[in-house]
Amino acid sequence: MGFPIVLGIESSCDETGAGLVRNGRLLGHAVASSMDEHARFGGVVPEIAARAHVHAVRPVIQRALDEAGLRLADIGAVAVTTGPGLAGALQVGLAGAKGLAYALGVPLYGVHHLAGHVAADTLEYGPLPDPCMALIVSGGHTSLLLVRDLARDRIVHLGYTLDDAAGECFDKVARVFGLPYPGGAAIDRAARAGDPRAVSFPRPLPDSYDFSFSGLKTAAARWAEGHAGRELPVADGAASLQEAVADVLTKKAVAACVEHGVWSLIVVGGVAANSRVRSLAEERCRAAGVELRVPPLSLCTDNGAMIAAVGDLLVRAGAEPAPLDLSIDPSAPLEYATLHPAASLAGAA
């Protein structure tokens, strides 16, 4: 008997995603974003995000099914993001996943959002190398992880965000520079016309695998303030900021690969879409003899396909499904790909 089709549901922030995966192959996926509703506030508003998920989750699942040429009855397991993320947003996805799993009589799996980003790579390149290094770079997370068997083994943290994540730094500095939200894409566009050596921005924590972009954000803001009354050379500022972020991310990631004897680096998360992060990672990996794997842009941002990919790995590994009292953990640390907090424990947290 073949492996079941796994439906993955993602609703941790402002994207509602659904994906369908079987035996490592992506059958179909769809994403709805409420980004436009948040743009005028310069960031994600949790209540708006949660309401958008309520309206989007059912149509998004149907779009994924239509793309795959499947029906609800074809689903053999459901995986859902149970943390970390915005509490209200996570609750919407979990409620939908529980309802579907119960109605279809299929197992339910709680998935850690960051493990989903790592698993997204498998939908493009196949099984993860064992071991591999994973650099997760997004609006809320910058993590450097040593990964073995994603479905079975504990994930080893080598470095993580101490304050502002890379994507958060881009968003905040973009606002100071007068660029639109989301800041990462705006910085990338503006940087194309700028000189990455124009401004000597700091490289935080050079002797650690941890990440801190708060000081870089402040340095960029001070630089902008220094141009009060004069035209701000936005392109040069954007290019220099982008270069600093890309330099820090790729230098630490490749150094960790070399130190730990790991010759595959996976770069995932929304900031993996940044053109300079990609090009500098390619350059440094090539020089160090490290294989670089970066998923397509559509799988870098939050999506249901990556959650389905984790669910598929768990099903094939024979992992225990979630209990009926599965809850969410908005601030869940990443230890394993599975995340099955009980309602009583989540409430206590």
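These legends accompany close-up views of aromatic rings in a predicted model. Local features are reported at pLDDT of at least 70 and side-chain atom pairs at pLDDT 80 or more, whereas totals for chains, interfaces and linings use all residues. Residues are numbered from 1 along each chain as its sequence is written, and side-chain values use heavy atoms, with hydrogens and water left out.

**View 1. Phe 177 and Trp 223 form an edge-to-face aromatic pair.** Rings of Phe, Tyr and Trp (its six-membered ring) pair if their centres lie within 6.5 Å, and planes under 30 degrees apart count as stacked, over 60 as edge-to-face and the rest as tilted; by this rule the count comes to three aromatic pairs. In the pair shown, the centres are 5.6 Å apart, with 65° between the planes. The pair links distant parts of the chain, 46 residues apart, with Phe 177 in the loop between α6 (166-176) and α7 (183-191) and Trp 223 in helix α8 (residues 214-225); helices (H or I, at least four residues) are DSSP runs numbered from the N terminus. Buried means under 20% relative accessible area (1.4 Å probe, protein chains only), with exposed over 50% and partly exposed in between. Phe 177 is buried at 6%, and Trp 223 is buried at 16%.

**View 2. Trp 223 also forms an edge-to-face pair with Phe 201.** Here the distance is 6.2 Å centre to centre, with 85° between the planes. Phe 201, in the loop between α7 and α8, is 22 residues apart from Trp 223, and both residues are buried. Phe 177, Phe 201 and Trp 223 form one aromatic cluster.

Note on methods:
Helices (H or I, at least four residues) and strands (E, at least two) are DSSP runs, numbered from the N terminus.
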